[in-house]
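Here are some friendly notes to read alongside the coordinates. Please have the model open as you go through the points.

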Amino acid sequence: MIKIEHLKAQFGEQIILKDINMQVSEGEVVVIIGPSGSGKSTFLRCFNFLVRPTEGNVTIDDFTIDVKTASKKDIHVLRQKTAMVFQNYNLLKNKTAIQNIMEPMITVQKKSKEEAEKIAIDLLKKVTLLEKRDSYPKEMSGGQQQRIGIARAMAVNANVILFDEPTSSLDPELVGEVLAVIKQLAAETKKTMLIVTHEMKFAKEVADKMIFLENGRIAEMGTPKEIFENCTNERIRNFVNKVA
Ligand code: ADP
Ligand code: MG
């Protein structure tokens, strides 16, 4: 379970996130949408303290931290509960697919090489890239690299996986395979996921709950049906139908 209370993020004078409150149950998939610059990336980054929020409480499972008073150790504990899938994959160029997946298990989780390899092979199968296990990032398509990025995020057994526009740097013909992998993993693993995306058809299919962010605030929260069909806010209706 995840709970965000009165989360605020400020850079200098600029307030990027204003009093964000939300609760996510275990296994829920939450899709975050909203215009560019509305604070979607900042919101995800606040979870793992890539961006340090200025106020509020973050709870993952039974671990709560007050962001104002959090110690380095608190942040470290919270970070271990999250894993991020980046827009640009962020794979290590000089490591193969399987080494990329194994890396955080060995360096962060201190797993043995054998154990990490076993888990990595299982995940390579899940993202249907076992045949690429010894390929380097430059030998893979963008879609394949991102599927490795997803496998790497799944590998550390985090409580929540954060996806920041996972398909926005892909050529259109490669988007589908990545979305299909995310959808399948969501269904199979029942992992809690927070996904920022502009892919509305995917959002409708995968989301248990959707959040529309606007100017650093949650302007609307609801099921896909509520957002796509019953939303009384015209701006939001236009937004989801324009990009759909
Ligand atoms: P989105 O992901 O919805 O496009 P972002 O979270 O990236 O939005 O950005 C929200 C706002 O925060 C933007 O106005 C952006 O310019 C600003 N911003 C993002 N990161 C920083 C930063 N490190 N320092 C200052 N301003 C930032
Ligand atoms: Mg962004």
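1. T223 is partly exposed because 14 other C-beta atoms lie within 10 Å; the scale calls a residue buried if 20 or more other C-beta atoms lie within 10 Å of its own, exposed if 12 or fewer, and partly exposed in between, with C-beta atoms placed from the backbone. You will find T223 in the loop between β10 (217–222) and α8 (224–228). Helices (H or I, at least four residues) and strands (E, at least two) are DSSP runs, numbered from the N terminus. Between T223 and K204 there are 8.7 Å in space, C-alpha to C-alpha, and 19 residues in sequence.

2. A word on conventions: this is a predicted model, in which local features need pLDDT of at least 70 and side-chain atom pairs count only at pLDDT 80 or more, while totals for chains, interfaces and linings use all residues. Residues are numbered from 1 along each chain as its sequence is written, and chains are lettered from A and ligands numbered from 1 in the order in which they are written.

3. Is D164 buried or exposed? D164 counts as buried because it has 21 C-beta neighbours inside 10 Å. It belongs to strand β7 (residues 160–164). D164 touches S41, L44, M84, F86, Q87 and V196, leaving out residues up to four places away in sequence; contact here requires C-beta atoms, placed from the backbone, within 7 Å. For D164 and L44, the separation is 120 residues in sequence but 7.3 Å in space, C-alpha to C-alpha.

4. Now to the ligand. Around ligand 1 sit F11, Q14, I16, G34, S36, G37, S38, G39, K40, S41 and T42, judged by a C-beta atom, placed from the backbone, within 6 Å of the molecule. The largest share, 3 residues, comes from α1. By class, the shell has 2 nonpolar, 8 polar and 1 charged residues; Ala, Val, Leu, Ile, Met, Phe, Trp, Tyr, Cys and Pro count as nonpolar, Asp, Glu, Lys and Arg as charged, and the others, Gly among them, as polar.

5. Finally, a helix pair. The axes of α3 (residues 97–107) and α4 (residues 113–126) come within 9 Å and cross at roughly 130°, with axes fitted to C-alpha atoms over the stretch in contact and angles running from 0 to 180 degrees between N-to-C directions. That makes α3 oblique to α4 (under 35 degrees is roughly parallel, over 145 roughly antiparallel, 65 to 115 roughly perpendicular and the rest oblique). By class, their contact has 11 nonpolar, no polar and 2 charged residues.

Note on methods:
Two residues are in contact if their C-beta atoms, placed from the backbone, lie within 7 Å.
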